[in-house]
Amino acid sequence: MRQILHPGPIAGERATVVAGTPVRLRFTLEPGQTLDEAVARGFAAAGCEGGFVSFRGGRCEPFKYVMPAASPDGGHAAWYSDTFAPSGPVSFERAGAIVGRREGRPFLHCHGIWNTQDGARMGHLLAPGTRVVEPLEVSGIGTRTATFEARPDAETNFTLFEPVRIDAREDGTGPRVLLARIRPNVDISLAIEAICRDHGVRTAHVHGIGSLNEVRYADGSRVESHATEVLIRDGHVEMVDGRPRARLHLDVVDMDGGISTGEIVHGDNPVCVTFELIIEATE
C-alpha cells in the first residue's frame, strides 16, 4: 500500500481501542449557541462525555471550515487550508462528529458536506466559529464510561483524539461500543476487522471520520490527493466465511475541494493522519 512519512517516531501500537456501553442520543441544538456548545449540552444532559453525533439539515450562520492541504513545511505530512466562511446561512447535507474533550473542555472533530449559497462543499468544520440559527434535531451514540481525549501525538506532530476510559465501572453483559483510533499507513477496513476479531464482535455498524492517503473505490475510480477528509457515510461489519468483513461507503474531499462518494476497495486505503471510530456491536 501507499505509505506517508510523518516527522516523528513511528508508534508501535497502530490502533487504540476502549470499550464502552452505548447510550442512544437524540437532542436538539438550540439557536444562539455555537455548534460545539450545543452538542456538549446534549451530551452532558445524557451524562455522556464521548461518542458520535450526526447532523442533517438545520441552518448555521456564521459557518467556518477548512479543507485538507499540503504541509507548508517539514513539520507535518499534511495540513489545512485557509479558513472558509461562506456568506449567508449554511445547512448540513450530512456530517458526523466525534465528541470528546480537549484541555479539560468539551471538544468535537467534525467532517461533512454542507450546502452553501455557492453549492455543496465538504471539509473539516470549525465548530467554535459556527453558530446554530434554527433548532436542529440530531442523533448519535454516547458513552458514560469512555471518551476521546485530544493528546499530542509524536508520530504525526498533531494533537489528536485518543480513546480513554473515564470510569472503571463497565457493565460487560450488555451491548457494547468500541471507541477506536487508527494510526497512519494502516488500511482502514483491515484495521476495523482486526479490532472486531480481537474484541469478539461479529456484526457492527461503523461510524467515524478521518483522513486517507488517496482513495481507491470499488468501482475503479480513485482520488489521487495524499491528504483527504473523510466521513463514513455508511459502514458495517458482517461475518463472511467465519471472519468479520468491513464494508465502508465514504464521502471524501480532496485538496482541490473535489467531493466524491462510494464504497471503497478492501485492503488498499491507508490512513493518512488519523481515523476515529465508533464501532457499534449489533449482535
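Reader: Which residues of helix H1 (residues 35-45) are buried?

Author: Happy to start there, with a note that this is a predicted model in which local features need pLDDT of at least 70, side-chain atom pairs count only at pLDDT 80 or more, and totals for chains, interfaces and linings use all residues. Residues are numbered from 1 along each chain as its sequence is written, and side-chain values use heavy atoms, with hydrogens and water left out. Helices (H or I, at least four residues) and strands (E, at least two) are DSSP runs numbered from the N terminus, and buried means under 20% relative accessible area, exposed over 50%, partly exposed in between (1.4 Å probe, protein chains only). In H1 the buried residues are Leu 35, Asp 36, Ala 38, Val 39, Ala 40, Gly 42 and Phe 43.

Reader: Which strands do the buried residues of H1 pack against?

Author: Contact here means heavy atoms within 4.5 Å. With that cut-off, the packing partners are strands S2 (22-29), S3 (50-60), S7 (90-102), S8 (105-116), S9 (119-125) and S10 (136-143).

Reader: How many salt bridges does the count come to?

Author: Side chains of opposite charge can pair when their charged atoms come close. The rule asks for a side-chain nitrogen of Lys or Arg within 4 Å of a carboxyl oxygen of Asp or Glu. By this rule the count comes to 19.

Reader: What is the distance between the closest N and O atoms in the salt bridge of Glu 280 with Arg 24, and how many residues apart in sequence are the parts it ties together?

Author: The closest N and O atoms of Glu 280 and Arg 24 are 2.1 Å apart. Glu 280 lies in strand S20 (residues 271-281) and Arg 24 in strand S2, so the pair ties together parts of the chain. Glu 280 is buried at 6% relative accessible area, while Arg 24 is exposed at 62%. The separation in sequence is 256 residues.

Reader: Asp 251 and Arg 233 also meet in a salt bridge; what is the relative accessible area of Asp 251?

Author: Their N to O distance is 3.8 Å, and the pair links strand S18 (residues 243-253), where Asp 251 sits, with Arg 233 in strand S17 (residues 229-240), 18 residues apart. Arg 233 is partly exposed at 41%. Asp 251, by contrast, is buried, with a value of 0%.

Reader: Which residues point the other way from Val 177, Leu 179 and Arg 181 in S13?

Author: In a regular strand the side chains alternate between the two faces of the sheet. Strand S13 (residues 177-182) is mostly covered, with 6 of its 6 residues buried. Opposite to Val 177, Leu 179 and Arg 181 point Leu 178, Ala 180 and Ile 182.

Reader: What is the bridge partner of Arg 181 in S20?

Author: Strands pair if DSSP finds at least two bridges between them. S13 is joined antiparallel to strand S1 (residues 15-20) over 6 bridges, and Thr 16 stands opposite Arg 181. Another 6 bridges join S13 to S20, again antiparallel. There, the partner of Arg 181 is Glu 276.

Reader: Glu 276 is buried yet has no salt bridge; which side chain joins Glu 276 in a polar contact of 2.8 Å?

Author: Counting Lys and Arg as positive and Asp and Glu as negative, with His and the chain ends not counted, the nearest side chain of opposite charge is Arg 181, 6.6 Å away. A polar contact is a pair of N or O atoms within 3.5 Å; within protein, one must be able to donate a hydrogen and the other to accept it, and residues adjacent in sequence count only if both atoms are side-chain atoms. The 2.8 Å contact of Glu 276 is with the side chain of His 109.
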